[in-house]
Amino acid sequence: LDEADALTDAAQSALRRTMERYSGTCRFILSCNYSSKIIEPIQSRCSVYRFKSLSSDAIAARIKHIAAKEGLKLSEDAIRAINYVAMGDMRRAINALQSAAVLSSEIKPEMIYEITATARPEEIKELITKAMEGKFPEALEILDALIDKGISGDEILTQMHRLVINLDIPARKKVALMDRIGEADYRITEGANERIQLDALIAALCLASDTEPT
């Protein structure tokens, strides 16, 4: 059963009874992203195996192999772009390559970002930098451009989270930024207006800057 964590508690309870009834003749394999969403009665009846994300080198090697077999031209920049959007997920990496190959046999980084509706790392970095410099209107312009490209608020927050971790800023400021990003993510998940929360996040970054917002 793939994506077992998407089952409701009621469905999992029914599955538990089925597992108990046919334990003598049947074995169940459940795969999920979040084991915490699997009810405890099922977890206690299973042997749990955890798998970490694949390394960038492993994904790059497989992508190069596929590109060679399919006759695709793949630059190192394109491979880095695929690794960035895949985040250790081989399926996501192959899907990105396949989608780009429909457009052209020469795979470019811009194609990968556009097809996967992912912002370039430089764009997210510029967004954060402008906000932290107190340049609110300029930061909003960058945010508008990202949204116009069809990039979702969830994706923008995820990329901001990935970038902030590696920013060369004081730890206290980094903690404050992470806290605010997490709060915006929670509110959007709970049904708050996505655009309002993103604008509020940018405003919070501007207020936390060392300069007066302009």
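How many residues does helix 11 have, and how far does it reach from its first C-alpha to its last? Helix 11 has 14 residues and reaches 20 Å between those two atoms, close to the 20 Å expected at 1.5 Å a residue. Keep in mind as we go that this is a predicted model.

Let's step back and look at the whole chain. The protein chain holds 11 helices and 2 strands. Starting at the N terminus, the elements follow the order α-α-α-β-α-α-β-α-α-α-α-α-α. The C-alpha trace spans about 70 × 45 × 30 Å along its principal axes. The radius of gyration of the protein chain is 21 Å, while a compact globule of 214 residues would have one near 17 Å. Buried residues account for 33% of the 214 residues. The accessible surface comes to about 13300 Å², and carbon and sulfur atoms contribute 51% of that. Among the contacts with a separation of 6 or more, 65% join residues 24 or more positions apart.

Now for the inside. The largest nonpolar core has 28 residues, and those with the most contacts inside it are Ile124, Leu127, Ile128, Leu146, Ile156 and Met160. Which helices each supply at least two residues of this core? They are helix 7 (121-132), helix 8 (136-148), helix 9 (153-165), helix 10 (171-189) and helix 11 (194-207). There is also a second, separate core of 19 residues, which includes Ile63, Ile82, Ala86 and Ile112.

Leaving aside residues up to four places away in sequence, Ile156 touches Ile124, Leu143, Leu146, Ile147, Ile151 and Leu198.

Helix 7 has 12 residues and reaches 16 Å from its first C-alpha to its last, close to the 16 Å expected at 1.5 Å a residue. The buried residues of helix 7 are Glu123, Ile124, Leu127, Ile128, Lys130, Ala131 and Met132. Helix 8, helix 9, helix 10 and helix 11 are included in what covers them. Just after helix 7 comes glycine 134, with a positive phi of about 80°.

Back in helix 11, the buried residues are Gln197, Leu198, Leu201, Ile202, Leu205 and Cys206. Their cover includes helix 7, helix 8, helix 9 and helix 10.

Next, a look at backbone angles. Most residues other than glycine have a negative phi. Methionine 87 is not a glycine, yet its phi is positive, about 55°. You will find methionine 87 in the loop between helix 4 (76-86) and helix 5 (90-103). Is methionine 87 buried or partly exposed? Methionine 87 counts as partly exposed because its relative accessible area is 38%, and buried would mean under 20%.

Alanine 117 also has a positive phi, about 55°, although it is not a glycine. Alanine 117 sits in the loop between helix 6 (109-115) and helix 7. With a relative accessible area of 26%, alanine 117 is partly exposed.

Finally, let's turn to some cysteines. How many disulfides are there, if a disulfide needs a pair of cysteine sulfur atoms within 2.5 Å? By this rule the count is 0. Cysteine 26 is in no disulfide, and the nearest cysteine sulfur, which belongs to cysteine 46, lies 12 Å away. Cysteine 32 is in no disulfide either, with the sulfur of cysteine 46 as the nearest cysteine sulfur at 9.4 Å. Cysteine 26 is partly exposed at 32% relative accessibility, and cysteine 32 is partly exposed with a relative accessible area of 34%.

Where is cysteine 46 found? Cysteine 46 is in the loop between helix 2 (40-43) and helix 3 (56-70). Its relative accessibility is 29%, so cysteine 46 counts as partly exposed. The C-alpha atoms of cysteine 46 and leucine 30 are separated by 8.9 Å, and these two residues are 16 residues apart along the chain.

Terms used: Residues numbered from 1 in each chain as written. Predicted model: local features only at pLDDT ≥ 70, side-chain atom pairs only at ≥ 80, totals over all residues. Heavy atoms only, no water. Core = buried A, V, L, I, M, F, W, Y, C linked by side-chain atoms within 4.5 Å. Buried < 20%, exposed > 50% of the residue type's maximum accessible area, 1.4 Å probe, protein only. Helix = DSSP H or I, 4+ residues; strand = E, 2+ residues; numbered from the N terminus. Contact = heavy atoms within 4.5 Å. Expected span 1.5 Å × (residues − 1). Rg over C-alpha atoms; globule rule 2.2 N^0.38 Å. Areas by Shrake-Rupley, 256 points an atom, 1.4 Å probe, with all protein chains shown as cover. Disulfide = S-S within 2.5 Å.
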